[in-house]
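Please open the model in your viewer and keep a selection tool at hand. The stops below run from single residues out to the chain and back again.

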Amino acid sequence: MNEDTPDATVHDVVIVGSGVAGLSAAVYAARADLEPVVLEGPEPGGQLTLTTDVENFLGFPEGIGGMELIQNGKAQAQRFGAEFVHGTVEDAALEERPFALELSNGETLRTQALIVATGASARWVGAENEDELMGYGLSTCATCDGAFHRGDDVLVIGGGDSAMEEALFLAKFADSVTIVHRRDELRASDIMARRAREHDQIEFRWNTELLEIHGSQEEGVTGATLVSHPDGLPKDRLADGEDVEYEDVDVGGIFYGVGHVPNTAFLEDTAVDLDDEGHLLTLEGMTTETAAEGVFGAGDVMDPDYRQAITAAGTGSMAALDAESWLEEQALESNAEAAVVAEADD
Ligand code: NAP
């Protein structure tokens, strides 16, 4: 680390994001004596902190709580010297090195290498009133808000593993849980789908979407308008002017489980390439390098396909190893340049 004045500190590696990918990168970078700084953003610990049991992370035959896994990972990274700071990157100047990251608190972090592990945030479905009622009976996190719905009838929107997991968790508190899915085939894994299908309190509404949420911030969610079409994707059919069926239902809570969008807004005007959905694109082959030299990607922010805790941990470790090699190459190059200059001076 090169320290001239406190403001001009240039770190070797800054890792943006403190989910499983960022933590894994931090453990590797810290063990390589790179003294990484880990930026904890608006969702510290990432998606795993909102999960109940993680059953498929290698090495935990009985499963492990998502929060516990993250807390252990942070302690492990700190043990090797990783520093954690709070902040969200508002703007990233990546044209020249050291890179400058402008944070929401007005501070600027400077770094030679950058690992982007910002993950992805819950997607919203675009139903009427969702802006007003998010946090007032509408939620994207059953483990956070499920206990407020003891004795309620609730809806879960989505057909993937997240929706199944939310429904299974909510069934501990709610009187009934209805999974509303826009098609008649689940995207969820067989094991999660079977658990939901076999649960007495969980029902399914197929070929149905959420159109409007009823209620107010004072009363909370009181109901919803659903729209159905026998062939599925009813909102598309509504737009095409096809006949659809509407139904108003009384419910005390609605949970979104419709996937996630990558957190890459701060990279939009940089040399880092993004795909149409905003995922950070890495170079071809097995690497975490991006089109911006010195910037590496890890975890869900660069992974539209696997999106598992274990794969995020894997790419996190790869990003730290790639950053370490790249920093070594830079040091060798600048030593060689310095030697040429010294020779010319002699
Ligand atoms: P996902 O697999 O992408 O599923 C999203 C679901 O939401 C799909 O069924 C999709 O419908 C639906 N959807 C998307 N946008 C919608 C909209 N605007 N309106 C209505 N429905 C919409 O996302 P995920 O369930 O969050 O899972 C992501 C990854 O994490 C997966 O790899 C999954 O296996 C993993 N995961 C695993 C676990 C576990 O093993 N315990 C738990 C959670 C997540 P369509 O099917 O029609 O596209």
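Start by selecting A271. Setting aside neighbours within four places in sequence, A271 touches A291 and A292. The model is a predicted one, and that holds for every stop that follows. A271 sits in the loop that runs between β18 (260-262) and β19 (295-297). Is A271 buried or exposed, or something in between? With a relative accessible area of 45%, A271 is partly exposed.

**The whole chain**

Zoom out and colour by confidence. The average pLDDT of the chain is 94, and 98% of the residues score at least 70.

Switch to a cartoon view. The chain holds eight helices and 19 strands. Along the principal axes, the C-alpha atoms fill a box of roughly 85 × 45 × 40 Å. Of the 346 residues in the chain, 46% are buried. Among contacts with a separation of 6 or more, 61% are between residues 24 or more positions apart.

Next, show the surface. The chain exposes about 17800 Å², and 44% of this comes from carbon and sulfur atoms. Colour by charge and you will find 18 positive and 70 negative charges, whose mean positions lie 9 Å apart.

**Two domains**

Domain 1 covers 10-122 + 260-342, while domain 2 covers 130-256. How far apart are the C-alpha centres of domain 1 and domain 2? The distance is 34 Å. Seven residues from domain 1 and eight residues from domain 2 make up the contact.

Select β14 (residues 208-216), the strand in which S216 is placed. S216 counts as buried because its relative accessible area is 13%, and the cut-off for buried is under 20%. Apart from neighbours within four places in sequence, S216 is in contact with E132 and L133. Also select N129, which is 87 residues from S216 along the chain. The C-alpha atoms of S216 and N129 are separated by 9.0 Å.

Then move to N207, in the loop between β13 (202-205) and β14. N207 is buried, at a relative accessible area of 9%. Its phi is positive, about 50°, although N207 is not a glycine. Most residues other than glycine have a negative phi.

Select R307, in the loop between β19 and α8 (309-345). Like N207, R307 is not a glycine, and R307 has a positive phi of about 50°. What is the relative accessibility of R307? It is 47%, so R307 counts as partly exposed.

For the last stop, select R97 and P98 and look at the backbone between them. Which kind of peptide bond joins R97 and P98? The bond is cis, with omega about 0°. P98 lies in the loop between β6 (89-93) and β7 (99-103). Most peptide bonds are trans.

Notes: Residues are numbered from 1 along each chain as its sequence is written. This is a predicted model: local features need pLDDT of at least 70, side-chain atom pairs count only at pLDDT 80 or more; totals for chains, interfaces and linings use all residues. Side-chain values use heavy atoms; hydrogens and water are left out. pLDDT is the predictor's confidence in each residue, from 0 to 100. Helices (H or I, at least four residues) and strands (E, at least two) are DSSP runs, numbered from the N terminus. Buried means under 20% relative accessible area, exposed over 50%, partly exposed in between (1.4 Å probe, protein chains only). Contact means heavy atoms within 4.5 Å. Accessible areas come from the Shrake-Rupley method with a 1.4 Å probe; for residues, only the protein chains shown count as cover. Lys and Arg count as positive and Asp and Glu as negative; His and the chain ends are not counted. The place of a charge is taken as NZ of Lys, CZ of Arg, CG of Asp or CD of Glu. Domain bounds come from an automatic or database domain assignment.
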